[in-house]
Amino acid sequence: MNAAARPNILLVMTDQHSAHMLGCAGAHHVSTPNLDALAAGGARFERAYATFPLCVPSRTSMMTGLVPHEVGVHTNAPAREPEEIRGTESLPHLLRAAGYRCGHAGKWHATRASAEEADGFDWLRDFGDEGLAEGAAEFLAEYAGQDRPFFLVASFDDPHTICEVARNQPSYYGELPAPDLATAPNLPTNFGPQPFEPEALRTEQTAGAAVYGTTNYTPEDWRLYRQAYAHLVERVDARIGQLLVELDRSGIGNDTLVIFTSDHGDGDAAHAWNQKTALFEETIRVPLIVRWPSRIVPGSATPQLVSVGLDLLPTVCDAAGIDVPAHLTGRSLLSILHDEEDSAVDHVVVETGFGHGARPTTSGRAVIGERYKYVIYSWGRHREQLYDLVEDPGEMVNLAVEARHVNKLEQNRRVLLEWCRTTEDHMMLKRLVLPANTTVEVRKEIYAVPY
């Protein structure tokens, strides 16, 4: 692909934005006309998953194409700055070496709040949503008529500010509309703790009561929480719309690949959960929209499983005509949309960890397949979960407690064991429920160093 044919690339991100919180995804209590229009002009991935439902691990994964534990990031407070972020094979460094001008506006959080030039960007705007769209528009205006392509990241903080709402703290970026219970959405059908849920989750929620802020919530409080979350999504949708208008006004919209996604979701009252970190669908499944005029069929959608953290870098490299580093396992979303051979996968894996230090107090892993989802946490009662996402999309019936599903459990245990060994996930490997047919040699390998 010659330089003149390479597209500009605009990566738009929100923070803590669940996949279900889009009008085009069927949400009736939130209005997202700008993101809906983006989806109508491109393609929406219906089953896109974060690699980790927490800011720093997820964003680190997106920029490196690696799962978080491979770069040593298990919480929002990693023990060290991952070398891979500032290495030559991170996404902005690859693009800059190929002649792209790379700019970053807004929230970086991989690992610091704002990006620096050493992260691979030669134009910066600090963390914060106020003025972000305007600053990014200035960057776009500079490129009208230029031959050199750009890679611009416009990373918004909203609707992450729902965290402050739950803690009754000041609202960033302007006041929200007054709470109104009469117009607030109802509770989701999977509201409240479900039977046989993992003991570890409520223990972590109680331990982090000051962070979650919902310990004494009534059903009415949860409804108002959902209303505030919807308002925040609508606020960031308006800012994204402002940015997309400027992209079209600059005259380069047809030559620009636009990718919209988020780092993780929010519980949004499902399972009486807010914020992230848990392995519920609401927290790990994220919106993913890709628009590239003339290259992507408008209004298309795909139910294929996608790992945003692993697949983003190969997608951008594919569009830019750059070789993907050989050690990465992700796929280009463009090949998925064009039904190229070997583009489909039968499962994705999501990891998580609770805790404020460098190492988590509770770890967990999820294997999401075409129909079934297997979850395991590192300790506690009912730490294994098995859900039929076709019959039970709200994850209300834990099939792992029934002996008749042991074959499906064993199948997923084998998949996760192989994944942990292949990716050298030593932290979780010793906490797995091993398949019954695990050999003595493998057991000795796993427990050679017990702790």
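Helices (H or I, at least four residues) and strands (E, at least two) are DSSP runs, numbered from the N terminus. The structure described here is a predicted model, in which local features need pLDDT of at least 70, side-chain atom pairs count only at pLDDT 80 or more, and totals for chains, interfaces and linings use all residues. Residues are numbered from 1 along each chain as its sequence is written, and side-chain values use heavy atoms, with hydrogens and water left out.

Most residues other than glycine have a negative phi, and most peptide bonds are trans. Q16 sits in the loop between β1 (8-14) and α1 (33-40), and its phi is positive, about 70°, although Q16 is not a glycine. With 0% relative accessibility, Q16 counts as buried, where buried means under 20% relative accessible area, exposed over 50%, and partly exposed in between (1.4 Å probe, protein chains only). Q275 also has a positive phi, of about 65°, without being a glycine. The loop that holds Q275 runs between β6 (256-262) and α9, and Q275 is buried at 5% relative accessibility. Two peptide bonds deserve a look as well. The bond from A110 to T111 is cis, with omega near 20°, and T111 belongs to the loop between β3 (101-106) and β4 (123-125). The bond from D158 to P159 is cis too, with omega near 5°; P159 is found in the loop between β5 (150-155) and α5 (162-166).

The interior comes next. In soluble globular proteins, nonpolar side chains tend to be buried together. A nonpolar core is here a set of buried Ala, Val, Leu, Ile, Met, Phe, Trp, Tyr and Cys residues joined through side-chain atoms within 4.5 Å. The largest such core has 46 residues, and F45, L95 and F151 are those with the most contacts inside it. Helix α10 (residues 308-320) gives the most to this core, namely seven residues. Leaving aside residues up to four places away in sequence, L95 touches I9, Y100, C102, F151, V316, A320 and I322, a contact being heavy atoms within 4.5 Å. Another core, of 26 residues, lies apart from the largest one and includes L10, A39, F139 and F156.

Helix α4 (residues 132-141) is largely enclosed by the rest of the structure, because seven of its 10 residues are buried. The buried residues of α4 are L132, A133, G135, A136, A137, F139 and L140. Among the elements that cover them are β3, β4, β5 and α8 (219-249).

A set of paired strands follows further along the chain. Strands pair if DSSP finds at least two bridges between them. Strand β9 (residues 347-354) is mostly covered, with seven of its eight residues buried. Eight bridges join β9 to β10 (residues 362-369) in an antiparallel arrangement, and V350 stands opposite A366 of β10. For β10, eight of its eight residues are buried. In a regular strand the side chains alternate between the two faces of the sheet. T362, G364, A366 and I368 point one way from β10, while S363, R365, V367 and G369 point the other way. Strand β11 (residues 372-377) pairs with β10 in the antiparallel sense over five bridges, with G364 opposite Y377. A hairpin through two residues joins β10 to β11.

Rolling a probe the size of a water molecule over the atoms shows where empty space is left. On a 1 Å grid over the protein atoms alone, a pocket is an open set of points where a 1.4 Å probe fits, with protein on both sides within 12 Å along at least five of seven lines, and lining residues have an atom within 4 Å of a point. The largest pocket has a volume of about 700 Å³, a volume being the space filled by probe spheres set on the points, which are joined across faces, edges and corners. Of the 27 residues that line this pocket, H20, E282, R285, P393 and G394 are the closest to its centre. Strand β2 (43-49) and helix α9 (281-284) each supply at least two lining residues, and β2 gives the most, with three.

Finally, T438 lies in the loop between α13 (426-429) and α14 (440-446). T438 is buried, with a relative accessible area of 11%. Not counting residues up to four places away in sequence, T438 touches L417 and R443.
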